[in-house]
Amino acid sequence: MAHILYIQAILKPVNSVGNFLKKMTGQEVEPTPEPTAAETVMLPLEGETAAAFSVARLVYDPTQGDWRTHDGVDIAADAGTKVCAAADGEVYTVYEDENMGMTVVIRHAGGYVTKYASLAKEVTVAPGDKVLLGQQIGTVGTSALLENAVGEHVHFSVTCNDEAVDPMTFAGE
């Protein structure tokens, strides 16, 4: 059974997987819909892109002085600028990361998770809070030690089922 589930997770299209499983098990299989982003999404704040999303190729990191991938987008803004939820969801966790600073993680429909890092220490949400698109969750801070050469900004990242997604694509930009 584990092999069948593994095959279902990696084969495309879903209809051919359903046909394969029907032949193997003799049972009808409902296709699993592809995850989709929330109906309405936005970037968490307005600002210039200080560092773009790049997981397919290495980019130079001025703070560390090396080349690495970047799983989010850094949006430059003055400290104290409002940071808002990119979509409706539920706050999963709020914590201070020693490298990325004050961080809020929100779970959304369709397997999406958004992360907002380098926030000011005083956030306006707590784990378990339901948030709406555009609701303030905190403000821009300077707490990300690993990205301090970027200047004041928010590091915004998105995953879907634990896979990195370009936040600009997620937000329809």
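Visitor: Which backbone oxygen does the side chain of Thr103 reach?

Guide: A polar contact is a pair of N or O atoms within 3.5 Å, where within protein one must be able to donate a hydrogen and the other to accept it, and residues adjacent in sequence count only if both atoms are side-chain atoms. Here the side chain of Thr103 reaches the backbone oxygen of Gly101, at 2.9 Å. Please keep in mind that this is a predicted model, in which local features need pLDDT of at least 70 and side-chain atom pairs count only at pLDDT 80 or more, while totals for chains, interfaces and linings use all residues. Residues are numbered from 1 along each chain as its sequence is written, and side-chain values use heavy atoms, with hydrogens and water left out.

Visitor: Where is Thr103 found, and is Thr103 buried or exposed?

Guide: Helices (H or I, at least four residues) and strands (E, at least two) are DSSP runs, numbered from the N terminus, and Thr103 belongs to strand β7. Buried means under 20% relative accessible area, exposed over 50%, and partly exposed in between, with a 1.4 Å probe and protein chains only. With a relative accessible area of 0%, Thr103 is buried. Strand β7, which covers residues 101–107, is largely enclosed by the rest of the structure, because 6 of its 7 residues are buried.

Visitor: Which residues is Thr103 in contact with, leaving aside its neighbours within four places in sequence?

Guide: Contact means heavy atoms within 4.5 Å. With those neighbours set aside, Thr103 is in contact with Thr93, Val94, Tyr95, Asp97, Lys115, Tyr116 and Ala117.

Visitor: How many bridges join β7 to strand β6, and how many join β7 to strand β8?

Guide: Two strands pair if DSSP finds at least two bridges between them. Strand β6 (residues 89–97) runs antiparallel to β7 and is joined to it by 7 bridges; Asp97, for example, has Gly101 as its bridge partner in β7, and a hairpin of 3 residues connects β6 to β7. On the way to strand β8 (residues 112–119), 5 bridges join β7 and β8, which also run antiparallel, and the partner of Arg107 in β8 is Val113. The hairpin between β7 and β8 has 4 residues, and Gly110 in that turn has a positive phi of about 75°.

Visitor: How many aromatic pairs does a search of the whole structure find?

Guide: Rings of Phe, Tyr and Trp (its six-membered ring) pair if their centres lie within 6.5 Å; planes under 30 degrees apart count as stacked, over 60 as edge-to-face and the rest as tilted. The search of the whole structure finds 2 aromatic pairs. Tyr112 and Phe170 form a tilted pair, 5.2 Å centre to centre with 35° between the planes. Because Tyr112 lies in strand β8 and Phe170 in helix α3 (residues 167–170), this pair ties together parts that are 58 residues apart in sequence. Tyr116 and Phe156 also form a tilted pair, with 5.2 Å from centre to centre and 35° between the planes. That pair links distant parts of the chain, with Tyr116 in strand β8 and Phe156 in strand β11, 40 residues apart, and both Tyr116 and Phe156 are buried.

Visitor: Which side chain does His155 join in a polar contact?

Guide: The side chains of His155 and Asp74 are joined by a polar contact of 2.8 Å. His155 sits in strand β11, residues 153–160, and counts as buried, with a relative accessible area of 4%.
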